[in-house]
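Open the model in your viewer and keep the selection panel at hand.

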Amino acid sequence: MRSLMDRCCSRCTHSPQTPCQDYILCRRDGPLCHDDPDCQEQRRQWLQIHFPPPGSPRKRVLVCGGLTCGAAGSFSLAELLEQAVQASGLEDRVLITTVGCMGLCEEGPLALVLPEEILYSRLRPEDVTAIVEEHLRDGKPVERCLLRSEEGQVYPTISQVPFYRKQQRTVLKRCGRINPEEVAEYVATGGYRALTTALRSLTPGEVIEEIKKSGLRGRGGAGFPTGKKWESASRVPSNKRYVVCNADEGDPGAFMDRALLEGDPHAVIEGMILCGYAIGSDEGYIYVRAEYPLAVKRLRLAIQQAYAVGLLGNNILGSGFSFHLHISEGAGAFVCGESTALMASIEGNRGIPRIKIPRSTEKGLFGQPTVLNNVETFANIPLIINHGSQWYSSIGTRGSKGTKIFALSGKVKHTGLVEVPMGTTLRELIFDIGGGIKGNKAFKALQIGGPSGGCIPEDMLHLPIDYESLTGAGAMMGSGSVVVMDEDNCMVNTARFFLSFTERESCGKCTPCREGTKQMLSILERITKGEGSPSDLSLLEFLGQVVKSTAFCGLGTSAPNPVLTTLRFFRSEYLQHVVEKRCPAGECVSLRRFVIQPDKCVGCGACAYVCPVKAIKGEKKQPHRIDEEVCVKCGRCAEICRFHAVQRV
């Protein structure tokens with residue numbers, strides 16, 4: 001079977017390194033040239049195997065290779081499926097493929113069987129034989145492996161799953177649907193069509209104008225208009241310009257960029273090439289975390305494949321335009337997510353921010369005009385060129401166009417990767433897509449925008465997801481991580497946790513961030529230990545505003561957000577900590593207190609047996625008591641008591 005790496009047909013004189021242009025243009029019909037009858041038949045066979053149409057006897061099993069599914073053993077499951085298919089003699093009819101993240105991380109490992117779109121969840125090695133023999137051979141789905149709700153409702157196909165119904169997966173359209181390690185599959189699903197269109201039909205200025213009219217804003221945090229940034233860089237007189245992709249995703253709970261790079265790396269590469277063409281750049285860098293080994297591996301492979309078929313390098317598609325792409329691996333410093341610190345790291349210097357005058361579009365990487373966007377922003381570019389700015393701007397709100405990808409985590413029933421149109425409310429995101437709170441407990445807050453984002457209470461869940469609404473609430477869009485909290489979460493401790501992260505990751509260059517976050521963290525630690533006073537709250541607010549208004553870079557100016565928003569919306573919890581010396585959620589260990597209710601205690605001794613410090617005393621079959629001076633407040637006694645006699649007060 002020919003692949004994209006071969007000549008497109010027997011009559012083609014071009015080598016794999018310099019393919020003919022017709023070869024790229026005809027990819028809507030498959031990754032083979034349609035001029036040759038032999039290629040037509042091979043293309044038909046190739047497409048039936050890789051993208052079996054409805055009713056086809058051929059099947060393809062897509063095994064999720066995302067972060068969560070991979071950790072749960074999906075890679076070994078794919079190998080077992082491959083072995084079982086071969087043992088059953090079905091290798092001519094069934095193709096097993098490991099793909100990128102499918103999104104529904106809570107239910108992994110996942111597998112999707114095409115063309116029926118049957119979704120299997122929580123797969124185990126012992127399920128492999130049944131799937132191969134009953135479904136792939138006999139055509140009967142294995143019911144016990146199908147996704148089902150807590151109430152027992154079965155969702156046989158992926159389109160019936162509530163998690164996906166309110167999503168609009170445009171950027172994530174290929175994630176979990178194609179083999180990310182094969183450029184042929186990207187090309188067969190419309191990949192590099194936007195690049196071909198731009199190089200043949202559009203001038204660089206027209207590409208920029210299309211991006212401007214689309215209303216696309218940077219998905220990395222601040223939401224600066226992408227087209228305006230590109231235009232600014234293109235107008236600076238220079239013989240050298242750079243394109244940089246920020247893939248240094250360091251927020252706790254964030255895995256959007258990682259999933260895109262692992263599941264659809266060519267979309268990001270195509271977006272960067274289009275940017276290079278638009279601004280007159282012939283060189284780009286992807287700054288990616290070394291902590292993402294699979295993403296780095298697939299990026300390297302994708303770049304090699306793009307070079308091999310002439311989509312990177314010199315004279316791309318015979319257009320005279322050249323573009324070269326490099327990978328720069330970051331060491332994991334959170335501050336290197338800031339644009340100027342990131343570029344300093346690429347240059348081989350310490351990753352610390354610099355004054356943003358002149359702007360990076362005027363003097364950025366190696367002192368040259370530079371466009372820096374994040375992974376999701378670049379992945380949007382081919383969509384705009386393929387479908388048009390009018391189509392793109394029809395999605396979203398007046399000031400926030402398109403869709404946004406979120407990493408949904410925390411106390412929500414369905415965690416995972418979500419893509420929704422801008423303007424979707426926070427309530428829809430949490431309850432309609434996420435399924436609500438685990439254990440049907442009460443919702444308390446969500447933290448959006450990473451460690452520098454804000455905490456939003458339940459009475460603000462009506463807010464639409466757009467840049468202005470979230471900023472007005474004291475939060476931010478950020479990279480797109482959403483952490484959901486329930487009644488068992490302490491908001492004071494939550495603020496302490498996120499501030500401890502930003503304080504630890506501060507580069508130390510400016511005094512407000514270096515010293516201000518340290519002092520704020522010290523106050524929060526005192527409060528969570530029961531040593532705070534009411535005056536600490538006003539001091540926290542003062543310090544937060546000082547850091548927010550005087551810090552040098554975006555990390556510092558946004559670091560106080562979790563503290564300021566929790567003080568604003570959950571002040572009563574702070575007062576309970578500093579006045580009543582108690583933590584209503586029970587998270588702050590120093591403020592816990594456990595008592596045994598005599599009328600419920602039967603004297604079984606189970607609590608005394610598990611107590612690590614022997615703080616529980618009492619005779620057998622008589623009510624016990626806890627010595628509070630000895631008690632370390634671990635809570636094991638409350639967990640073990642079957643009679644609910646041990647209560648946290």
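Searching the whole structure gives five cavities of 30 Å³ or more. A cavity here is a set of points, on a 1 Å grid over the protein atoms alone, where a 1.4 Å probe fits but cannot get out; lining residues have an atom within 4 Å of a point. Grid points are joined across faces, edges and corners, and a volume is the space filled by probe spheres set on the points. This is a predicted model, in which local features need pLDDT of at least 70 and side-chain atom pairs count only at pLDDT 80 or more, while totals for chains, interfaces and linings use all residues. Residues are numbered from 1 along each chain as its sequence is written, and side-chain values use heavy atoms, with hydrogens and water left out.

**Cavities**

Select Cys611, Pro612, Cys631, Cys634 and Cys637: of the 13 residues that line the largest cavity, these lie nearest its centre. The volume of the largest cavity is about 80 Å³. Its lining comprises eleven nonpolar residues, one polar and one charged. In this classification Ala, Val, Leu, Ile, Met, Phe, Trp, Tyr, Cys and Pro count as nonpolar, Asp, Glu, Lys and Arg as charged, and the others, Gly among them, as polar.

Next, the second largest cavity, at about 70 Å³. Its lining includes Cys601, Cys604, Cys607, His624 and Cys641. Eight of the lining residues are nonpolar and three polar, with no charged residues.

**Pockets**

A pocket is an open set of points with protein on both sides within 12 Å along at least five of seven lines. For the largest pocket, of about 1,500 Å³, select Gly220, Gly221, Ala222, Gly337 and Lys356, which lie nearest its centre among 50 lining residues. Among the elements that each supply at least two lining residues are helix H10 (226–235), helix H14 (339–346) and strand S10 (370–374). Helices (H or I, at least four residues) and strands (E, at least two) are DSSP runs, numbered from the N terminus. The lining divides into eleven nonpolar, 27 polar and twelve charged residues.

Move to Lys173, Arg174, Thr189, Leu383 and His387, nearest the centre of the second largest pocket, which has 21 lining residues. Helix H12 (265–279) and helix H15 (375–387) are the elements that give two or more residues to this lining. H15 provides the largest share, five residues. The space in the second largest pocket is about 430 Å³.

**Cores**

Show Tyr192, Trp230, Ile273 and Val288, which have the most contacts inside the largest nonpolar core, a set of 69 residues. H12 gives the most to this core, with ten residues. A nonpolar core is a set of buried Ala, Val, Leu, Ile, Met, Phe, Trp, Tyr and Cys residues joined through side-chain atoms within 4.5 Å. A second, separate core has 42 residues, including Leu112, Leu119, Leu426 and Leu470.

Select helix H11 (residues 256–263): eight of its eight residues are buried, so H11 is largely enclosed by the rest of the structure. Buried means under 20% relative accessible area, exposed over 50%, partly exposed in between (1.4 Å probe, protein chains only).

Finish at glycine 100, in the loop between strand S2 (94–99) and strand S3 (111–114). Glycine 100 counts as buried because its relative accessibility is 0%. Beyond neighbours within four places in sequence, its contacts (heavy atoms within 4.5 Å) include Cys64, Gly176, Glu262 and Gly263. Glu262 and Gly263 are among the buried residues of H11.
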